[in-house]
Amino acid sequence: MSNNTITGKVITTIHKRTSYYGNPAYWVTVETEAGDTVTLRTQDNSGLSYGITNPEYREEAHTFTLTRANRIRTVTKAA
């Protein structure tokens, strides 16, 4: 199984909806290191949804690991 990853900074977050269990989901626009923009979505019922709107994701580059459906699975601070 290969992992798809994107490295960049979050530009915008838009609240998509709330799950059945009351957890938020977001559309996240990321500016890559190459200057391209990519719009991704957080997974349903993911703890990441509570932190993705924090300033640290806008100020520093992070590596986003994606699922096969191109939803954000995990995030780590880029080296």
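Accessible areas here come from the Shrake-Rupley method with a 1.4 Å probe. The model is predicted. For the chain, the accessible surface comes to about 4,900 Å², and carbon and sulfur atoms account for 45% of that area. Buried residues make up 39% of the 79 residues.

**Fold and overall dimensions**

The chain holds one helix and five strands, which run β-β-β-α-β-β from the N terminus on. The radius of gyration is 12 Å, close to the 12 Å that the globule rule gives for 79 residues, so the chain is as compact as a globular protein of that length. The C-alpha trace spans about 35 × 30 × 20 Å along its principal axes. Of the contacts between residues at least 6 apart in sequence, 47% join residues at least 24 apart.

**Pairings of strand 1**

Strand 1 covers residues 4-18. The table gives two of its pairings, each with one residue pair.

**Charges**

The side chains of the chain include 9 positive and 7 negative ones. The centres of these two sets lie 12 Å apart.

How values were computed:
Residues numbered from 1 in each chain as written. Predicted model: local features only at pLDDT ≥ 70, side-chain atom pairs only at ≥ 80, totals over all residues. Heavy atoms only, no water. Pairing = 2+ DSSP bridges. Helix = DSSP H or I, 4+ residues; strand = E, 2+ residues; numbered from the N terminus. Rg over C-alpha atoms; globule rule 2.2 N^0.38 Å. Buried < 20%, exposed > 50% of the residue type's maximum accessible area, 1.4 Å probe, protein only. Contact = heavy atoms within 4.5 Å. Lys, Arg positive; Asp, Glu negative; His and termini not counted. Charge placed at Lys NZ, Arg CZ, Asp CG, Glu CD.
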